[in-house]
Amino acid sequence: MLKEICLGFALAGVIFLAAAGYDITPLLFLGAVGLGLYYFAHSRGLIAKNFSEHRAAPGQQISFEDVGGQATAIQELREALDFIKNAQQIQKLGIRPLKGILLTGPSGTGKTMLARAAAGYTDAVFVAASGSEFIEMYAGVGAQRVRRLFQTAREKALKQGRANALIFIDEIEILGSRRGQTTSHLEYDQTLNQLLVEMDGLKVDDRVRILVMAATNRVDMLDPALLRPGRFDRQVRVELPDKEGRLEILKLHTRNKPLAADVNLEAVAKETFGFSGAHLESLTNEAAILAMREGCQEIHQRHLHEAVDKVMMGERLDRRPSAHELRRVAIHETGHALMSELVKPGSVSALTVTPRGQALGYMRQSPEDDTYMYTKEYLEDQIAVMLAGAVAEEQILGERSTGATSDFQQAARLAEKIMESGMSRLGVINLEVLPKGLRYRVLTEILRKQEERVKASLARVEAALCSVAEFLLEQEKITGEKLREILQGVLQREKAAS
Ligand code: ADP
Ligand code: MG
Ligand code: ZN
């Protein structure tokens, strides 16, 4: 409407100028070019991009029950969302509203599903966009789209009479990477700034409360401004599923498929180490296609088995570790864990060989109170734990591997810390002016001493090392309690024997 009025006035002005005897050709020309550009941009969807096509089709509601193997993530997400559901209370207490939740983890693990489920859970309208949609070569378009996205969410909620809207931005690292770093200049920065502005403007007492959820597998790339309080406050990690999780997901995706009696989903779960939820979904689908091709009425185990290879080849899955490598990883991680238990009983909370990020295995230590100062003993213990992975490999498999490189780097750093703080045999020194040869000798001494200690300790618990590693290979994870149980059993037997 406003547009028409403006146009009318402009036209009147031009006619007036013409009547007054001015040469209006350049004006007409400019007007034509402007109009042309406007319609060009419009037709390409550059200006008023409509986000509605991303809304979940009705009847396609996803709930948390449809997401398998993500119990921890769902739990954390629910807690955050419950916070939003109690908006009145929050307003009364003057609590800063939760505005953003960041889902991080590899692709295909269910982040989009979780966001949709979150919308259902909070009875919010769901509007989604992907980071790449905001990046155009025309400056300012991205920022405009961000504004439009928030506007769309508000309008939609009002139209449907709902109090909540959930905006989901997939691949946020594309528009939210560190400012000033992207090769392609200001466009990214403007877009990100606009997102920050929109988020800062959200209030609890808005007619429509907006929650922004975003997904990324590169948190490290995000601009720190995005992670500040009042923006993406919460981070929920969405990891690749472990064996149990994979079984759960397989069950979910075979709900609507006829399975033959010989089907053993547990075996399939075991076979699919490193698969994401999306891979598993595609696996069940491939299996059904294979069954159909053979003219079977039901899916048999052999179809599922064949589909595993098919998915792996088709999706070019990250290199899957061989059984050999997995065994090595299990032994390596068990080495760390047992040493950790020996220097500080109760310190291991869990051990897994499910891939997380780059590492194949992972030992979680129970959280400790924040410490600001370390004693020599503590540092030495930590060095011992770091070295134990490689020592365990050597002890059981006869040789070490490159898997311990970063462990050694970390151990060396700790040893330097000991020297630096005057706790080595050199007493108080200045590392910077210490002759290189001497520095190297003392560093090596510290590491060697711990290495010998680890060798002696692990040799004593070799039986536990083997049983825990076996358990880990079979189950892909072991809790701290189970690990201690095995370790105690071995230690007691040894005591009784001596
Ligand atoms: P992401 O957003 O993490 O890349 P999506 O949520 O888009 O993953 O998942 C893609 C598809 O893979 C889903 O539509 C679903 O079929 C399947 N999928 C992924 N993760 C899971 C899961 N945890 N449980 C069940 N299905 C899953
Ligand atoms: Mg997705
Ligand atoms: Zn290690």
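In this predicted model, an oxygen atom of ligand 1 is found 3.2 Å from a polar backbone atom of Thr109, a polar contact being a pair of N or O atoms within 3.5 Å, where within protein one must be able to donate a hydrogen and the other to accept it, and residues adjacent in sequence count only if both atoms are side-chain atoms. The table lists backbone contacts of this kind.

| Residue | Distance to an oxygen atom of ligand 1 |
|---|---|
| Thr109 | 3.2 Å |
| Lys111 | 2.8 Å |
| Ala278 | 3.5 Å |

Taken alone, ligand 1 exposes 550 Å², of which the protein buries 80% (accessible areas by the Shrake-Rupley method with a 1.4 Å probe). Two or more residues of the shell around the ligand come from each of helix H5 (111-121), H9 and helix H11 (277-293), helices being DSSP runs of H or I with at least four residues, and strands runs of E with at least two, numbered from the N terminus.

The ligand is surrounded by 16 residues, the closest being Gly68, Gly108, Lys111, Thr112 and His253, with a heavy atom within 4 Å as the criterion. Because domain 1 (64-237) and domain 2 (243-313) both give residues to this shell, ligand 1 lies between them; the domain bounds come from an automatic or database assignment.

Elsewhere, Glu239 sits in the loop between strand S5 (232-237) and helix H9 (243-254), and its side chain makes a polar contact of 2.7 Å with the side chain of Arg237.

Residues are numbered from 1 along each chain as its sequence is written, while chains are lettered from A and ligands numbered from 1 in the order in which they are written. Local features need pLDDT of at least 70 and side-chain atom pairs count only at pLDDT 80 or more, whereas totals for chains, interfaces and linings use all residues; side-chain values use heavy atoms, with hydrogens and water left out.
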